[in-house]
Amino acid sequence: MNRSIFTNLAVALILILVQVLICNHIMLFNVAVAFVFIYVIVSMPMSMKVDWLLTIAFFMGLLVDMFSDTAGLNALACTVLAFVRRPVLFAYISKDDHTKAVTPTVRSLGFSVYAKYLFTLSLIYCALVFILEFFSYAAFREIAIMTGASSLFTFLTLLALDSLIVAKQ
């Protein structure tokens with residue numbers, strides 16, 4: 001395996017610990033939660049084989065589920081996120097030989113494209129999590145508020161995290 005894969009897995013374990021120990025216990029204005037661990041899924045190279053990415057995403061979500069008592073909710077949302085990230089990116093940029101091997105960061109995509117990509121994936125993930133958590137149309141207003149607030153909070157947190165990681169490299 002590639003050294004960068006091992007680095008990404010180490011970052012994944014650290015972000016899972018941060019999610020479980022810190023972020024799951026912070027709820028901004030009682031509606032917004034930051035899901036920092038999805039940064040690993042979002043930032044994996046596009047050249048990575050889909051089956052590896054789906055496996056890594058599933059087990060990341062499963063680890064968060066085990067410590068969060070959410071019974072497969074994050075595992076499903078992470079797997080879906082890993083599946084849709086490539087089509088989401090190619091919705092914002094043209095698909096050519098250069099973009100097939102890109103690693104999504106602010107530096108490689110530019111702020112505008114990366115921000116759209118990151119916010120779309122944050123929105124998809126948060127919508128899945130809260131729809132599955134509430135599993136009721138009666139709570140539509142709460143689902144919409146929590147999805148919007150958590151998507152924005154997650155987006156801003158991941159944007160800051162990406163700028164920190166890219167600046168160190």
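Which residues does Phe35 touch, not counting residues up to four places away in sequence? I worked on a predicted model, in which local features need pLDDT of at least 70 and side-chain atom pairs count only at pLDDT 80 or more, while totals for chains, interfaces and linings use all residues. Residues are numbered from 1 along each chain as its sequence is written, and side-chain values use heavy atoms, with hydrogens and water left out.

Contacts. With contact taken as heavy atoms within 4.5 Å, I found that Phe35 touches Gln19, Tyr125, Cys126, Val129, Phe130, Ser150, Thr154 and Leu158.

Core. I took a nonpolar core as a set of buried Ala, Val, Leu, Ile, Met, Phe, Trp, Tyr and Cys residues joined through side-chain atoms within 4.5 Å, where buried means under 20% relative accessible area with a 1.4 Å probe, protein chains only. The largest such core has 50 residues, and Phe35 is among those with the most contacts inside it, as are Phe37, Met60, Tyr114, Tyr117 and Tyr125. I noted that α6 gives the most to this core, with 10 residues; helices here are DSSP runs (H or I, at least four residues), numbered from the N terminus.

Cysteines. I counted a disulfide as a pair of cysteine sulfur atoms within 2.5 Å, and by this rule the count comes to 0. For Cys78, the reason is that its sulfur lies 11 Å from the closest cysteine sulfur, in Cys126, too far for a bond. I also recorded that Cys78 is buried, with a relative accessible area of 0%, and that Cys126 is buried, with a value of 0%.

How values were computed: Helices (H or I, at least four residues) and strands (E, at least two) are DSSP runs, numbered from the N terminus.
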